[in-house]
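Biologist: Hi! I have a new model open and would like a tour. Could you walk me through it?

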Amino acid sequence: MFRTLAKAVAAIAVVCTVAGAGLVLNEEFGKDDGKDTAADAGPSFTGTKKISVDGHSVNVSCSGGSDAGRPLVLLMAGGGEGLDNMAALQKSLSGSNRVCSYDRLGEGKSDKPEAGTPQHINDAAVLLTGVLDQLAGDRPVVLAGHSLGGNIAARYTPDHTDRVKGLVLLDATVPHLTRDMKATIPDDATGASAQARDGAIAANEGQNPEQFVIADGPVHSAGDIPVEILRHESQYSVVPEHESALEKMWADGQQEWLKLSTDSKVTMAEGTGHYIHTDSPDVAVKTVQDVTARAAKAE
């Protein structure tokens with residue numbers, strides 16, 4: 001989320017920077033070894049490195065064991081944030097899992113996309129595939145994405161079930177955010193409501209650090225892989241006039257993600273705002289661990 005009102009309500013578009021803004025990488029995960037590339041980045045390195053993907057320099061962090069028999073957990077941060085926002089979750093999970101995270105183009109220490117060139121889901125998929133090729137190799141993968149990272153993970157998974165064997169969505173950006181925002185807050189709204197609506201739509205159209213177009217679209221099936229969907233309890237008090245409607249919009253959108261799998265479930269994380277993994281870290285950790293265990297058993 002962002003600190004000003006205009007940016008705070010833009011959390012609806014889920015281009016976020018505040019709740020996790022105080023998080024920094026634990027030294028174990030954040031210390032760069034000084035190399036510009038990571039020729040040795042693979043299934044067992046620990047630390048933070050730059051790898052080359054499709055001609056771009058991409059910042060990645062990995063930790064935990066390298067047992068090839070267990071899935072790699074890949075954490076995907078929200079919009080406007082780098083992998084440092086997932087550092088605490090990565091540290092907690094790495095005691096029993098191989099865990100990595102990465103900065104998408106325009107975030108953290110990765111390259112920026114070319115100015116004036118919008119990024120779309122296909123671009124994000126190419127980058128994600130390149131990251132997984134180098135970090136996961138042939139091992140199965142569980143994707144755990146927050147906010148925009150969750151939306152990208154959910155769009156990516158149905159076309160990559162040969163590799164992705166489990167999915168955790170942490171208050172993922174809803175599938176039809178632009179449509180639903182327009183239906184929830186009228187175009188004659190003023191004040192905070194207008195800022196929320198206009199900020200969300202602008203961000204969805206690519207006015208964000210990644211120049212990423214957050215397009216509406218149907219939810220496709222990934223078969224029967226385990227999918228756990230966590231949604232926040234309360235988030236939109238900054239828009240009191242439309243708080244109730246916005247909460248319903250978001251909750252209904254999370255229900256849409258159930259179409260991802262015949263083995264999917266939505267759970268409200270009590271006492272949380274948009275940053276479930278920082279507001280209730282134990283819930284986030286347990287959910288990822290459960291999905292990873294089920295994905296490993298399925299293999």
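**A tour of the chain**

Modeller: Happy to! The secondary structure of the chain comes to 10 helices and eight strands; helices (H or I, at least four residues) and strands (E, at least two) are DSSP runs, numbered from the N terminus. This is a predicted model, in which local features need pLDDT of at least 70 and side-chain atom pairs count only at pLDDT 80 or more, while totals for chains, interfaces and linings use all residues. Residues are numbered from 1 along each chain as its sequence is written, and side-chain values use heavy atoms, with hydrogens and water left out.

Biologist: What share of the residues in the chain is buried?

Modeller: Of the 299 residues in the chain, 57% are buried. Buried means under 20% relative accessible area, exposed over 50%, and partly exposed in between (1.4 Å probe, protein chains only).

Biologist: And what share of the contacts with a separation of 6 or more comes from residues 24 or more positions apart?

Modeller: Those residues account for 75% of such contacts in the chain. Contact means heavy atoms within 4.5 Å.

Biologist: I like aromatics. How many aromatic pairs does a search of the whole structure find?

Modeller: The search finds one aromatic pair. The ring centres of Y236 and W250 are 6.4 Å apart and the planes are at 70°, so the pair is edge-to-face. For the cut-offs, rings of Phe, Tyr and Trp (its six-membered ring) pair if their centres lie within 6.5 Å; planes under 30 degrees apart count as stacked, over 60 as edge-to-face and the rest as tilted.

Biologist: Where do Y236 and W250 sit?

Modeller: Y236 is in the loop between β7 (227-231) and α8 (243-256), and W250 is in helix α8, 14 residues apart, so the pair links distant parts of the chain. Y236 is buried, with a relative accessible area of 3%, and W250 is buried too, at 1% relative accessibility.

Biologist: Which ring does R98 lie over?

Modeller: R98 lies over the face of F45, 5.8 Å from the ring centre. A charge sits over a ring if NZ of Lys or CZ of Arg is within 6 Å of the ring centre and within 35 degrees of the ring normal.

Biologist: Is D54 buried or exposed? And S147, buried or exposed?

Modeller: D54 counts as exposed, at 60% relative accessibility. S147 is buried, with a relative accessible area of 0%.

Biologist: Let's do helices. At roughly what angle do the axes of α4 and α5 cross?

Modeller: The axes of helix α4 (residues 121-135) and α5 come within 10 Å and cross at roughly 85°. That makes α4 roughly perpendicular to α5. Axes are lines fitted to C-alpha atoms, for helices over the stretch in contact, and angles run from 0 to 180 degrees between N-to-C directions. Angles under 35 degrees count as roughly parallel, over 145 as roughly antiparallel, 65 to 115 as roughly perpendicular and the rest as oblique.

Biologist: Which residues make that contact?

Modeller: From α4 there are I121, A124, A125, L128, T129 and L132, and from α5 there are I152, R155 and Y156. The residues of this contact divide into seven nonpolar, one polar and one charged. Here Ala, Val, Leu, Ile, Met, Phe, Trp, Tyr, Cys and Pro count as nonpolar, Asp, Glu, Lys and Arg as charged, and the others, Gly among them, as polar.

Biologist: Back to loops, then. Where does P175 lie?

Modeller: P175 lies in the loop between β6 (164-170) and α6 (177-184), and P175 is buried at 1% relative accessibility. Not counting residues up to four places away in sequence, P175 touches several residues, including R155, A215 and W257. P175 and A215 are 40 residues apart in sequence, yet 8.1 Å apart in space, C-alpha to C-alpha.

Biologist: Last one: what does N151 touch?

Modeller: N151 lies in helix α5 and is buried, with a relative accessible area of 3%. Leaving out residues up to four places away in sequence, N151 touches A172, T173, V174 and W257.
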